Amino acid sequence: MATFEASRPAVGAMAVGTARAAYEVALDYAKTRQQFGRPIIDNQGVAFQLADMRTRIDAARLMVWRASWMAVSGRPFESAEGSMSKLFASETAKQVTAQAVQILGGNGFTREYPVERMHRDAAIYTIFEGTSEIQRLVIARTLSGVQIR
Ligand SMILES: Cc1cc2nc3c(=O)[nH]c(=O)nc-3n(C[C@H](O)[C@H](O)[C@H](O)COP(=O)(O)OP(=O)(O)OC[C@H]3O[C@@H](n4cnc5c(N)ncnc54)[C@H](O)[C@@H]3O)c2cc1C
């Protein structure tokens, strides 16, 4: 379990990379795609999604950096910070890539644009190296000291 705390931030880093890539595609697309005579980013409904995506990605990145720093400097993961970083980054990747598909509309669903692949790729981060449910179990056990099942 101690090894997992140190290896899970690496999966978190992969998830941050996928989320960032999808966000960058969505941002570029929103600035160039014209509907009703103006770029779709002119709409708060689109712009606010991008703001949320970027905010979550930055938060996930900081959690991954903290856990990675703890691993390389040999600090104890007293609050399951490694599992927390993997949980948050992988769920962020799933959410952000889904939002990217939405922002690209019909094009987001097709294979002509990369975001549908990124969304499929993002799903694995919530499964391997322990599913999100197992991350929550590890975090809950660590913070409570109770063998929650
Ligand atoms: C592409 C890929 C690569 C992989 N690479 C590796 C690898 O390199 N090394 C390796 O060891 N494994 C690897 N795996 C296996 C991966 O770690 C497992 O698939 C994962 O841990 C989930 O186990 P499972 O598939 O048996 O699902 P199950 O354990 O059957 O879980 C099914 C569902 O039930 C939930 N669940 C199960 N138990 C609980 C519980 N106690 N509380 C709450 N929910 C629960 C799970 O969260 C999940 O949603 C890989 C899997 C894939 C798809």
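What follows is a quick chat about charged residues, the ligand and a few helices.

Me: What kind of model is this?
Reply: It is a predicted model.

Me: OK. Where does Arg 8 sit?
Reply: Arg 8 is in helix H1, which runs over residues 2–32.

Me: Which side chain of opposite charge is nearest to Arg 8?
Reply: That is Glu 5, at 4.1 Å. Arg 8 is buried but has no salt bridge.

Me: What backbone oxygen lies 3.0 Å from a polar atom of the Arg 8 side chain?
Reply: The one of Glu 129.

Me: And which residues does Arg 8 contact, leaving aside neighbours within four places?
Reply: Gly 82, Ser 83, Lys 86, Glu 129, Gly 130, Gln 135 and Val 138.

Me: Switching to the ligand. Which residues surround it?
Reply: Ile 124, Ile 127, Phe 128, Glu 129, Thr 131, Glu 133 and Ile 134. Glu 129 also turns up in the contacts of Arg 8.

Me: How far is the polar side-chain atom of Thr 131 from an oxygen atom of the ligand?
Reply: 2.6 Å. For Glu 133, a side-chain N or O atom is 2.7 Å from a ligand oxygen.

Me: How much of the ligand does the protein cover?
Reply: The protein covers 29% of the 970 Å² of accessible area that the ligand has on its own.

Me: Back to salt bridges. How many are there in the whole structure?
Reply: A search finds 6. One of them pairs Arg 54 with Asp 58, with the closest N and O atoms 3.2 Å apart.

Me: How are Arg 54 and Asp 58 placed in helix H2?
Reply: They are 4 residues apart, so about one helical turn separates them. Arg 54 is partly exposed at 41% relative accessibility. Asp 58 is partly exposed too, at 28%.

Me: Which residue does Asp 121 pair with?
Reply: Arg 117, with the closest N and O atoms 3.2 Å apart. Both lie in helix H5, 4 residues apart, about one turn.

Terms used: Residues numbered from 1 in each chain as written. Predicted model: local features only at pLDDT ≥ 70, side-chain atom pairs only at ≥ 80, totals over all residues. Heavy atoms only, no water. Helix = DSSP H or I, 4+ residues; strand = E, 2+ residues; numbered from the N terminus. Buried < 20%, exposed > 50% of the residue type's maximum accessible area, 1.4 Å probe, protein only. Lys, Arg positive; Asp, Glu negative; His and termini not counted. Salt bridge = Lys/Arg side-chain N within 4 Å of Asp/Glu carboxyl O. Polar contact = N/O pair within 3.5 Å; in protein donor to acceptor, adjacent residues only side chain to side chain. Contact = heavy atoms within 4.5 Å. Near = heavy atom within 4 Å. Areas by Shrake-Rupley, 256 points an atom, 1.4 Å probe, with all protein chains shown as cover.
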